[in-house]
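Below is a set of questions and answers on one protein model. The structure comes first.

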Amino acid sequence: MVESFARKSDERKMKTDIAETGHLRSLLSKVGESLDQFVKFEHPDAFQTKQQWLNKLDISLPQKGIGLEAVTEELCMSVIPNGSPVGNPGFSSFITTGATTASTLATTAASIASPQRYLGTAFNFLEELSLQWMAEMFDIAHMKGVYSSGGSVANLIALGGARQYAFEKVGCDPAADGVDRASSIYASKECHHTIQRSGGVLGIGRRAIKPIECDQQGRMKIDALLAAIEKDQQAGILPIAIVANAGTTNTGAIDPLLEIGKIANDKGIWFHVDGAYGLPGILDERIKSLYQGLQYADSVIVDPHKWLGASVGVAATFVRDRDYLLRAFTQEPADYLEGSASQSEIDQLGADQIDTPSAKIEHSLDDFGIPYFDYGVELSAPCRGVVVWAMLKEIGVEGMRARVIRHNDMAQYISDFAHQHPNLEVLSEPTLSICCFRYIDSSIKGLDLFNQRLHRRLVRENQFMPSTTKVNGKLALRPCFVGARHEQFQVDGLLESIIKIGSELIQEMKH
Ligand SMILES: *Cc1c(COP(=O)(O)O)cnc(C)c1O
């Protein structure tokens, strides 16, 4: 029997349709070497011109495979070196960043050792443990979480819970029966547009999101919020949620959470806090008080793939009561899932009859574990908890705090520098790790266009890559520091480059 098994496995090796086993160590080390080279970012935007790598990659559907070694080779030679600048320490556009090494290792491990987040595995256990760790770290320890792919889905899940709560109060089950009356979600004009999309997906409509005016600092105006709620109340429109930002994407503004939270609480309206970017700011003691009001939240989201340095695809929604999510997102029972992993029910059926020793040994298939697949919109999903667990094990809360403070200091440094420099103007004082400012000079006619040009040239130099945005109608340069690999010399370099390019452009205008 042993012999025939050995022969079978020899035959198997000849077949290309059976996945190979046993080469991960050598192949991963090749990929690792290529990635180590990549994260030095010593190269231009891509190693090769776009035409060069396109020529290699843009081929027709392969009928015959080239084998694993050759695929690894192409991955290392043609794909990785022509990847994205998002992880570059000089990159400060958007609010995305490169994965830290701990996160990369955990993501890779999960893809092999636990390709699903359910069942009674160590990975499923870390899913819940890491959610609890984050809740504790962010002062919302009374809340329970669920992971999803990003802030977009995390907001959708939170607002699905809000919709369930609001409609159940008037005797409807919106998830089962649909929605048949007008409703509103109140969110500031600076809110992320995934809030509007959530309205669309949840069947209450994008237009049900009522945009509330902000002050000059981009924070929701309380009187405008109260007026909007009042107006809807008179029209008999059902309030679903008030959404507040703990760090807007544009400028990092934090809405007056305490006041908004109290209003939501008084009126019995679900209070959602979008902290996709800014929730980790609570670790910085200097601004911690801005987060007062979180205690009123019914739901809070955070994107570990932003400030915490997780590989992309990791967001978390926290809620007071996961049962709302369960009722909002449960699938109807499916035969192929029901009963396929439920030892406890079998045990109850005939505990006296089954008396073999093996019945006492636990198997990971005995139990689905916590049914995250019923708390959101994904069934098959990667394990993300292990990523957050690995990052927190690596540097602890203290490490995360130091990183957040370092990034906030960088934004403040830019603001201080700009205030003192005759050619720089701060357009929005930093609250978190974003500073919005621009280049000015009395000889410049159109400042918006000038700063746009300056930005283009800056980005093309490939050293420092902030984004731009509009602040109170003015075009701003907008560095946002969330990358675990940013260092102070990149901040100095950014400022030097902006001043240099600004004066060059002025010289060019004169000729
Ligand atoms: C980034 C962001 C989102 C969307 O998150 P994704 O992970 O990109 O889907 C939502 N809200 C805020 C405030 C954000 O900054």
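Q: How far is an N or O atom in the side chain of Thr 249 from an oxygen atom of the ligand?
A: This is a predicted model, in which local features need pLDDT of at least 70, side-chain atom pairs count only at pLDDT 80 or more, and totals for chains, interfaces and linings use all residues. Residues are numbered from 1 along each chain as its sequence is written, and side-chain values use heavy atoms, with hydrogens and water left out. The distance from the side chain of Thr 249 to the ligand oxygen is 3.0 Å.

Q: Which residue has a polar side-chain atom 2.8 Å from an oxygen atom of the ligand?
A: The side chain of Lys 306 has an N or O atom 3.0 Å from a ligand oxygen. The residue with the 2.8 Å distance is His 305.

Q: How much of the ligand's accessible area does the protein cover?
A: Accessible areas come from the Shrake-Rupley method with a 1.4 Å probe; for residues, only the protein chains shown count as cover. On its own the ligand has 380 Å² of accessible area.

Q: What area do domain 1 and domain 2 bury between them?
A: The domain bounds, from an automatic or database assignment, are 105–333 + 369–389 for domain 1 and 396–510 for domain 2. Buried area is the accessible area (1.4 Å probe) that two parts lose on being put together, summed over both. Carbon and sulfur atoms hold 57% of the buried area, which totals about 1900 Å².

Q: Which three residues supply 34% of the area that domain 1 buries against domain 2?
A: No other three residues of domain 1 supply more of this area. They are Thr 251, Leu 283 and Trp 307.

Q: How many salt bridges are counted between domain 1 and domain 2?
A: A salt bridge is a side-chain nitrogen of Lys or Arg within 4 Å of a carboxyl oxygen of Asp or Glu. The side chains of Asp 409 and Arg 286 form a salt bridge at 2.8 Å, N to O. The count between the domains is two.

Methods
A polar contact is a pair of N or O atoms within 3.5 Å; within protein, one must be able to donate a hydrogen and the other to accept it, and residues adjacent in sequence count only if both atoms are side-chain atoms.
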